[in-house]
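Dear colleague,

Please find the structure below, with the sequence. My notes on salt bridges and on one helix follow.

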Amino acid sequence: MPIPITHHIWRCTTISELMINEQIRDREVRLIGEDGEQLGIMSSREALQLARDAELDLVKIAPTAKPPVCKIIDYGKYRYELARKEKEAKKKQKVIEVKEVRLSPNIDTNDLNTKTNAARKFLEKGDKVKVTLRFRGREMAHMSKSKYILDDFAGALSDIAVIDKPSKVEGRSMVMFLTAKR
């Protein structure tokens with residue numbers, strides 16, 4: 001008569017490096033109950049049995065502690081709470097964008113004022129402004145004479161902006177970065 005072979009089903013559900021239920025292989029763990037009360041140090045087998053009795057999951061929340069800290073909680077609900085907290089933190093972050101304003105060496109005064117107003121709006125929103133002075137063809141010969149355009153542009157915005165990176169030549173253009181004053 002053949003001997004029956006039993007298979008143990010290994011459930012692998014590590015999301016964001018958290019170990020749950022059967023994955024916890026430590027000899028003993030510090031257990032926190034579902035209401036947040038300390039249940040003391042016990043073997044992981046006992047802790048898992050307590051979690052099963054409560055029809056909840058045993059989750060290792062502090063793997064680096066000695067002994068590791070485990071908590072009896074509903075894992076799905078716990079994951080949802082973590083995701084929600086992460087989302088809230090992302091909302092509060094301010095992403096600084098870099099907006100670009102392009103100028104040409106033979107720009108007219110009114111056009112320069114329009115570009116200055118556009119840059120002013122970007123700076124008031126809290127974005128950085130990249131001012132690019134583009135040269136074409138024969139304009140390349142008079143690059144050094146056109147630097148005053150960028151200086152005038154920065155001067156017109158000096159009340160709300162400061163020069164983050166001074167003008168420098170990059171290929172066929174001159175670039176300068178402005179940021180809002182703090």
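A salt bridge here is a side-chain nitrogen of Lys or Arg within 4 Å of a carboxyl oxygen of Asp or Glu. The model is predicted, so local features need pLDDT of at least 70 and side-chain atom pairs count only at pLDDT 80 or more, while totals for chains, interfaces and linings use all residues. Residues are numbered from 1 along each chain as its sequence is written, and side-chain values use heavy atoms, without hydrogens or water.

Salt bridges

The structure holds 9 of them. One joins Lys168 and Glu170, at 4.0 Å from N to O. Glu170 is partly exposed at 40% relative accessible area (buried is under 20%, exposed over 50%, partly exposed in between; 1.4 Å probe, protein chains only). Glu97 pairs with Lys99, their closest N and O atoms being 3.5 Å apart; Glu97 is partly exposed at 43%, as is Lys99 at 24%.

Asp159 and Arg120 form another, at 3.1 Å. Asp159 sits in the loop between helix 4 (147-156) and strand 8 (161-170) and Arg120 in helix 3 (109-125), so this pair ties together parts 39 residues apart in sequence. Helices (H or I, at least four residues) and strands (E, at least two) are DSSP runs, numbered from the N terminus.

Helix 1

In helix 1 (44-53), the buried residues are Ser44, Ala47, Leu48 and Ala51. Seen down the axis, they fall within an arc of 100° (directions from the helix axis to the C-beta atoms), so they line one face. On the other side, Arg45 and Asp53 are exposed. Glu55, with a positive phi near 55°, follows the helix.

Regards
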